[in-house]
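User: Hey, could you walk me through this model? I'd like to hear how the chains sit together.

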Protein chains: 2
Amino acid sequence: MKISQLSDATGIPLATIKMYLREGLLPQGEKSSPNQADYGDEHLRRLKLVHGLLRVGGLSVAAAREVVAAVESDRFLVDIFGVAQRAASSSVDADNVTPEAIAVVQTITAGWHTDPRGPGQMLAAASIAAFEASGQRNAVRWYERYAEAARLIAEADLDLLDTRQTRAEKAETVVLGTVLGDTLLAGLRRSAQEDLSSSRYISPSGEDQPSPDPSAKETHS
Amino acid sequence: MKISQLSDATGIPLATIKMYLREGLLPQGEKSSPNQADYGDEHLRRLKLVHGLLRVGGLSVAAAREVVAAVESDRFLVDIFGVAQRAASSSVDADNVTPEAIAVVQTITAGWHTDPRGPGQMLAAASIAAFEASGQRNAVRWYERYAEAARLIAEADLDLLDTRQTRAEKAETVVLGTVLGDTLLAGLRRSAQEDLSSSRYISPSGEDQPSPDPSAKETHS
């Protein structure tokens, strides 16, 4: 198909597709004439993957290039997981991680086989360090329950992979699931908070009066 | 205490504290002389909160200002949840949400009391729309399991709130937990993926050969 048909089939603007070609994120089509190239199903598939990573996953062009190279490589899927994780994790400034927070993460993930300097452990430790530096205390049970939930999520991630047949399909699911799963979870967490906080009414304790804002009243049932 | 003591007590640079004062994120201290102001425990507490929101939570100054105003208001905690959620959610471009994805989110959160146009539902729908536009299919069970995990997480969030005594403490835990909980969960999810994918060996199916990378072998047990 022509480049314009790639655009029609995906709804991705022509200028964006040309940028992906220039950046090497999408391989050049086969020249069918000096001014025209022909694109196949593989291009279509790659285009959707790249667009998902960049547009919604928020990856940089460099990070997306690395992820795409991993998908096309013959590396173990566990390694592709690693590449996707690093690409989809904002890098953690070591200054933001305290030894105390690292110890907490090691406790709540005791028995897990993980790289103690990997993106997972560092991200978790940076969050806990920030939470405690902000004056929050006595949250160990909260951390533990997050670790339990994270395990359920990772099991769902691997079960989804099992439904994919070919290696290429598995690799694509690894990278898109890693990148987009965080946002999906963030969204569903907010929805669940909304639901639970409206049913389990949280009374403003202390001397404060509830606001007379009428929109607040609906939740006060 | 003097501003330099605020800095010593928190490790936050003096220039950063002065910026927070200029931006109105931290109230001015009481003038003790023409060139000196006095700060109390309330300032210390506010400083830690603001720094956690901006530095690790990644909020903009404008978003942090809105969150701080909500914490200090007499609004219902459920409303403060809403303010924190909006501040901690990248805004979703309506173009990135399809009616199909909205329908999927409504199905997996059936029975939840949520605002169908709230940040939770929109973020989740945008993720699903991007996932499916990238060529991923047959993932409904995966979405459902994310919704189940999100509910466990939200329950942990509300239980943590129950351990906080005063309204100010509750409000601070709401905003910091909302902002930092996403990152904590992203980190723990990666660690759990690492652990599970190394124990549940994922064989590269199809014609590909596993790479001879020795670091990959460890996971091949």
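This is a predicted model: local features need pLDDT of at least 70, side-chain atom pairs count only at pLDDT 80 or more; totals for chains, interfaces and linings use all residues.

User: How can chain B be laid on chain A?

Analyst: With a turn of 180 degrees and a shift of 0.0 Å along the axis, chain B lands on chain A at an RMSD of 0.0 Å. The two copies are therefore related as by a two-fold rotation axis.

User: And which residue of chain B comes closest to the rotation axis?

Analyst: That's Ala149(B), whose C-alpha is 2.8 Å from the axis. Also, the same surface serves both copies, since 100% of the contact residues of chain B recur in chain A.

User: OK, the interface. How many residues of chain B are in contact with chain A?

Analyst: 101 residues of chain B, in contact with 101 residues of chain A. Between them the two chains bury about 9500 Å², and 61% of that is on carbon and sulfur atoms.

User: What about salt bridges between chain B and chain A, what's the count?

Analyst: Ten salt bridges between the two chains. One of them joins the side chains of Arg145(A) and Asp159(B), at 2.7 Å from N to O. As for polar contacts, 40 residue pairs make them between chain B and chain A, counting pairs with both residues at pLDDT 80 or more.

User: Which helices of chain B supply at least two residues of the side that touches chain A?

Analyst: Those are H3 (41-56), H5 (77-87), H7 (119-133), H8 (140-162) and H9 (167-199) of chain B. H9(B) gives the most, with 26 residues.

User: How do the residues on that side of chain B divide into nonpolar, polar and charged?

Analyst: The side of chain B that touches chain A has 43 nonpolar, 32 polar and 26 charged residues.

User: Where does Asn138(A) lie?

Analyst: In chain A, Asn138(A) is in the loop between helix H7 (119-133) and helix H8 (140-162).

User: Is Asn138(A) buried or exposed?

Analyst: Exposed: the relative accessible area of Asn138(A) is 69%, and the cut-off for exposed is over 50%.

User: And what about Asn138(B), what's its phi?

Analyst: For Asn138(B) phi is positive too, about 55 degrees, and again the residue is not a glycine. Asn138(B) sits in the loop between H7 and H8 of chain B, and is exposed with a relative accessible area of 69%.

Note on methods:
Residues are numbered from 1 along each chain as its sequence is written. Chains are lettered from A and ligands numbered from 1 in the order in which they are written. Side-chain values use heavy atoms; hydrogens and water are left out. Copies are superposed by least squares on the C-alpha atoms of residues with pLDDT of at least 70 in both. Contact means heavy atoms within 4.5 Å. Buried area is the accessible area (1.4 Å probe) that two parts lose on being put together, summed over both. A salt bridge is a side-chain nitrogen of Lys or Arg within 4 Å of a carboxyl oxygen of Asp or Glu. A polar contact is a pair of N or O atoms within 3.5 Å; within protein, one must be able to donate a hydrogen and the other to accept it, and residues adjacent in sequence count only if both atoms are side-chain atoms. Helices (H or I, at least four residues) and strands (E, at least two) are DSSP runs, numbered from the N terminus. Ala, Val, Leu, Ile, Met, Phe, Trp, Tyr, Cys and Pro count as nonpolar, Asp, Glu, Lys and Arg as charged, and the others, Gly among them, as polar. Buried means under 20% relative accessible area, exposed over 50%, partly exposed in between (1.4 Å probe, protein chains only).
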